[in-house]
Structure formats: structure tokens, C-alpha cells
Amino acid sequence: MSSKKMITLKSSDGRIFEVEEAVAQESQTIKHMIEDGYGNSVIPLPNVTGRILYKIIEFCTKHVAVEEDIKQKSVEPTVVVEDVKQKSVEPTVVEDVKQKSVELPVDDDAWDAEPSDIDEWDAQFIDVDESTMFELIVASNYLNIKRLMDLSAQAIADMMKDKTVEEIRKIFNIQNDFTPEEEMKIRNENSWAYE
Amino acid sequence: MNLQKEMDSLPDAIVQYILSHLSNAKDVAASTCVSKQWKDSIPYIKSLYFPRNLYDNLTGGDTPDNIVNKLLSSTTRLEELVVYCPFTAAGLASWLSHLWPSLKLLELRMDNLFEQQSLPDGPSKLNCIRIVNNIESLKLWGVLIVHSPNWETFHNLRNLEIVGARVEDSALSDALLACPNLTNLSILACEGLKSISISLPSLVNCKLDFYGVGNCSLSLTSPYIESLEVQGCSWIKVLETHCLRNLSIANNSGRVYMVDFGKLGALEFLSIRGVQWGWEAVSKMLHMASEVKDLYMKVEFTGDYDVLLPFPEIDLVDFFNSHPKLEKFYIHGAMFAALCQKNSLKNVDSSFMIPSLEEVVITARSPLNAEQKMSTLESLIKYGVNLKKMRIRILDMKSSHSSADEFFQDVCRFRHFNHNIVSIE
């Protein structure tokens with residue numbers, strides 16, 4: 001197995017993640033940074049918490065693996081854990097990484113999944129609470145990961161189906177900033193859409 | 001403590017992105033009332049779908065056309081419009097006039113199969129579609145194409161699907177002339193067609209299903225065609241077929257008597273089905289499909305005239321020698337009955353093999369010639385060196401004669417001796 005270039009990412013709360021370059025480049029934002037020459041140092045992501053960055057790395061890792069599987073039919077799970085252990089880096093970073101990499105999902109089933117199962121995997125991935133969904137869409141917007149943006153946007157939009165206006169406001173904690181007269185006018189315009 | 005992210009505090013661009021994934025018209029319309037930010041995001045909607053029963057609870061003087069119009073006119077970059085609820089030509093014209101710059105996909109339930117159309121050039125739903133000249137995909141349900149539509153060329157149209165149509169040959173032909181760059185064409189449940197000549201240089205997938213007495217004529221000229229499914233034709237001519245991988249010809253009501261194809265060197269899947277195929281057509285088809293891997297055969301009778309005749313005997317050795325790549329084989333009833341060794345297996349070359357065959361499904365409809373049929377089954381196992389699975393369907397055999405029971409017992413015994421391969425359904 002050829003040694004793959006690793007990229008180091010730092011979340012807003014100081015957690016360090018080492019990921020393969022191919023995985024990191026799922027984010028157009030990070031990809032541009034690498035192209036601009038920042039790939040050899042720690043890339044700070046002040047807008048993304050460690051908790052969300054972890055999930056995003058999980059998503060990108062899975063999709064890179066699926067794409068490679070499609071290309072080559074046989075995939076060797078490129079397990080970050082092993083690479084990290086072998087790489088010689090500063091002790092503190094290694095410790096952080098070792099800790100984090102144990103947490104990283106090494107799901108053997110995931111590597112063997114057929115491309116058609118990816119939709120199911122995505123559905124399970126995005127099956128989270130609204131707050132996490134919002135954080136994911138904001139982070140994937142900042143990191144410019146189109147596939148994840150679409151997945152989260154669609155999941156949030158799906159939550160709105162067949163809900164009344166009040167229910168939507170409640171679920172998403174939205175303030176109604178219409179005056180009663182304005183609201184009445186809008187409801188009359190599209191009266192067929194309301195209960 | 002984690003600050004809970006509220007949708008309120010999401011930037012406009014993200015709210016717009018989320019709302020652009022809404023498509024049911026009812027949800028979109030309701031959204032305009034949630035908050036100002038939401039209302040202002042509606043123009044960015046990409047796709048709108050108006051379901052069939054949208055107007056069940058209409059009150060007030062509004063017409064369905066107007067309601068759709070109001071919602072559509074507030075969008076600025078709609079790419080997909082699907083309308084299943086009723087509408088008029090005038091309504092459609094006014095919607096499309098607003099949408100034409102951005103619209104890429106249009107799907108309409110036309111429901112005008114039985115409309116009387118007096119003026120060919122007059123306002124009709126079909127003619128209105130010319131307004132959205134840039135669309136890439138068009139799907140029409142329940143459409144009447146008896147007068148040539150007043151269409152200009154749809155240069156970007158790649159996908160055309162028609163489900164449920166009543167057509168006149170020349171009108172359908174003219175409609176297709178306006179779509180020269182199609183890659184996908186699907187015309188299903190189509191009545192009234194007698195003959196059609198399709199010449200589409202980019203066509204890759206084509207699926208045609210013609211209702212009637214099964215005597216339509218089809219001529220197709222599309223050099224890159226990869227997948228073709230035809231039902232209801234008796235005369236088929238497709239001359240450029242070097243890319244054709246999947247071919248399915250069926251005829252539920254008429255007789256297939258003429259099939260004319262180019263070389264079928266790339267053909268992997270062939271399905272021939274129907275009540276009656278002329279013998280020349282069957283043998284020509286099987287002869288040309290020599291490279292095929294997956295073969296499905298279910299024709300009940302042969303014969304070149306109205307009289308339904310059984311198939312002549314097909315020699316098993318010759319058949320498998322001429323289809324050496326065959327991996328999956330489905331053979332039904334009358335055709336299975338015709339497959340036999342004649343006398344060739346007594347003198348068969350010791351190197352005769354059916355090397356690639358992995359899966360066989362056999363449907364036996366009658367217990368006649370049981371001995372020959374058992375012999376065929378045994379030969380398949382004997383010479384099918386890589387055969388993994390044989391499924392025998394005999395459970396709805398036609399005869400209630402005692403020979404049926406005997407045959408069934410023979411098959412069970414056969415299954416018992418070859419239980420790792422054979423199963424009965």
C-alpha cells in the first residue's frame with residue numbers, strides 16, 4: 001500500500017484530525033488551501049467544532065471509499081489509525097491523533113458496501129437531531145462539500161413536509177416577524193395551502 | 001454549554017438552499033407565511049410539484065390555473081415543474097411564459113386523450129409546450145398527438161417520455177422531428193400507431209409499447225443505441241446496432257414476422273416474447289444473437305399465417321454451440337418442448353460442452369413428450385459444466401391427465417438426484 005499524504009485539520013475547539021489528502025479534498029475550501037501551499041501545516045477551521053468535524057470526516061471518508069470502489073472494484077480500507085501510528089510526528093500531536101483516531105469509525109462493512117447502498121448509508125448518517133443538521137449544513141457550506149450540503153438541505157426540507165406553519169415555526173425555533181395584518185394577507189393569497 | 005443553532009440565525013443563502021429542496025407546492029405555499037426570511041427565499045425554489053388532489057378543498061373564486069400561476073410567478077429560477085392537477089391550455093401558456101428562461105424539466109398530466117381538438121394550430125396544451133424551448137426533459141401523461149404539434153426544435157431535449165397516448169403516425173413523427181438530440185425515448189401505452197420511422201442520431205435508450213392488434217411497423221436508425229425494448233410490432237428494422245447491448249422484442253396480440261437488424265456483436269441480453277412469431281424471424285434472431293449472455297425466450301407458437309403452429313425441433317447441441325457465451329437462459333413452454341437432441345447426442349463430439357451456462361429457468365406447461373423433456377434436462381446438467389442453478393417451473397401445468405402426475409414425479413426424482421442445482425417452483 002503506497003503511503004498517502006496526510007492533511008492535518010484543527011477544529012474551533014482545538015481538536016486535531018489527520019486525514020488522507022483525498023478525503024480532505026472532498027472539501028473544496030480545503031482543496032484550495034492545499035493548492036495554495038498550506039497542506040503541510042495544520043489547517044485551522046475556526047468555524048467548525050470538533051464534534052461536527054468528526055462527522056464530516058466520517059462522511060467524506062465513506063464517499064471517497066465508495067468512489068474508489070467503483071473505480072477499482074477492490075478496496076483496501078485505508079485505515080487512518082495505522083498510518084498515524086507509524087508516522088513520526090511531535091509527541092503531543094501523535095497523542096491527540098491516537099486518541100482521536102481510535103474514535104474514527106473503522107466500520108468494515110462500510111468498506112465493502114455496494115454503491116447502491118450509499119443512499120441508505122447517507123440516510124442513516126443524516127438521521128440526527130435538528131440542531132446537528134443545522135450545524136452540518138453550515139459547516140458543509142463553509143467547507144464547500146456539495147454532496148453533504150445537498151444531503152442536509154434535503155433532510156431539513158423533508159422535515160417540513162405536511163406540517164402547518166405553526167408546527168414549522170416550533171420545530172425550527174423561528175420567530176414570526178409578520179404583523180397580524182401581514183400574516184392574514186399572505187394566508188388569504190394562498191388559502192388552499194393552509195388547513 | 002452548546003448554543004443551539006436556530007434556523008432563525010442561519011444566513012439567507014443557506015435558508016434559500018434548504019427551501020430550494022422543497023418541492024411540494026403545498027409546502028412551498030405554506031412556507032411563505034412562516035417568516036419574512038422564508039417568504040423572501042421562495043423565489044429561489046428549484047423544483048415545484050403540484051399533486052393531483054391539490055384543489056380538493058378549494059374555496060373562494062380562485063381557479064386552479066390562477067393558483068398555480070401565482071405561486072410560479074413568484075419564482076425566479078425554477079428548473080423543474082411537475083403538474084398532476086387539472087389545468088387549461090391558457091393557464092399552461094401563462095405559466096410557461098414566465099418559466100421559460102430557467103426551466104429544464106417539465107412533466108404534465110395532460111389528460112386530454114378524449115378532447116376534441118378543432119384547430120390544429122389553435123391553443124392546445126401540446127402546442128403551449130413550445131414556449132419552453134430550452135427544456136432538457138419532457139414527460140407527458142395521457143396526451144393526444146393527432147395533429148402535428150406546432151413546435152420549434154427542442155435543441156436541448158435529451159429525455160422524452162410519453163405514457164398513455166393516442167396518436168396519429170404523422171403527428172408523432174413530426175413531434176419527434178422537433179427533438180433531434182434525444183438520448184432517451186420512452187413511449188408507453190400508445191394507441192393508434194400503425195407505422196413509425198425513428199431517426200435519432202444520439203439515441204441510446206428506447207422503450208416502445210404500442211397497444212392494438214400488434215401489427216405496428218418500426219424502423220429505427222440510431223447508431224449508438226444500447227438498449228431497445230419494443231412491444232406490439234410485427235415488423236422491425238434496426239440497421240445500425242453495433243452498440244446494442246439489450247434487446248427485448250415482445251408482441252402480446254399480433255405476430256412478429258419480420259426482424260431486420262444489423263450485426264449484434266455487442267448484444268448481451270436478448271428477450272423474445274409473444275403469442276406468435278414467424279419461424280424465419282425466430283431463427284434469424286437467435287442466429288444473430290450469437291454473443292448473447294442472457295437469453296429469455298417465451299413465444300407460444302410459430303407459423304407464418306394466422307394458423308398457430310408448434311415449433312419445429314431445435315437441436316440442443318447446435319443451439320448451445322451457436323450461443324457459446326450463454327450464462328443465463330430462460331425458456332418457456334412451447335419452446336422448451338421443441339428443444340431436444342434429435343439424434344445428435346448419440347454421436348456427439350466428446351468435447352461438447354455448454355461452458356458458460358450458470359443459470360437456467362425452465363417452464364414446462366404440458367406433460368407431453370415427457371421422456372424427451374427429461375432427456376433435455378439431463379443433458380443440460382451433464383454438459384453444463386458450470387451450471388449452478390436450474391429452476392423448473394411446472395406447478396401450473398395445463399393438463400390434469402395422469403401423465404401430468406407421472407411427469408411431475410419424474411421431475412421430482414430428477415431434482416432429488418441433482419438437488420444442489422435443481423429447484424422446483
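How many residue pairs are in polar contact across the interface of chain A and chain B? Keep that in mind as you open this predicted model, and let's walk towards the answer.

**Stop 1: helix 3 and helix 8 of chain A**

Select residues 50-72 and 130-143 of chain A, which are helix 3 and helix 8. Their axes come within 10 Å and cross at roughly 70°. Since angles from 65 to 115 degrees count as roughly perpendicular, helix 3 of chain A is therefore roughly perpendicular to helix 8 of chain A.

Now show side chains. From helix 3 of chain A, pick Arg51(A), Ile52(A), Lys55(A) and Ile56(A); they meet residues of helix 8 of chain A including Leu136(A), Ala139(A) and Leu143(A). Sorted by class, this contact has 5 nonpolar, 2 polar and 3 charged residues.

Zoom in on Glu135(A) and Arg51(A): they form a salt bridge, with the closest N and O atoms 2.8 Å apart. Glu135(A) sits in helix 8 of chain A and Arg51(A) in helix 3 of chain A, so this pair ties together parts that are 84 residues apart in sequence. Over all chains, the count of salt bridges comes to 24.

**Stop 2**

**Stop 3: where chain A meets chain B**

Bring chain B into view. In this interface, 37 residues of chain A are in contact with 30 residues of chain B. The buried area is about 3,200 Å², and carbon and sulfur atoms give 65% of that. Highlight Met160(A), Phe178(A) and Trp192(A): they supply 22% of the area that chain A buries against chain B, more than any other three residues.

As for the opening question, the interface holds 9 residue pairs in polar contact, while the count of salt bridges between chain A and chain B is 0. On the chain A side, colour helix 8, helix 9 (146-159), helix 10 (165-172) and helix 11 (180-189), the elements that give two or more residues. Helix 9 of chain A provides the largest share, 7 residues. By class, the side of chain A that touches chain B has 17 nonpolar, 8 polar and 12 charged residues.

Methods
Residues numbered from 1 in each chain as written. Chains lettered and ligands numbered in written order. Predicted model: local features only at pLDDT ≥ 70, side-chain atom pairs only at ≥ 80, totals over all residues. Heavy atoms only, no water. Axes fitted to C-alpha atoms, helices over the stretch in contact; angles between N-to-C directions. Helix = DSSP H or I, 4+ residues; strand = E, 2+ residues; numbered from the N terminus. Parallel < 35°, antiparallel > 145°, perpendicular 65-115°, else oblique. Contact = heavy atoms within 4.5 Å. Nonpolar A, V, L, I, M, F, W, Y, C, P; charged D, E, K, R; others polar. Buried area = accessible area lost by both parts, 1.4 Å probe. Salt bridge = Lys/Arg side-chain N within 4 Å of Asp/Glu carboxyl O. Polar contact = N/O pair within 3.5 Å; in protein donor to acceptor, adjacent residues only side chain to side chain.
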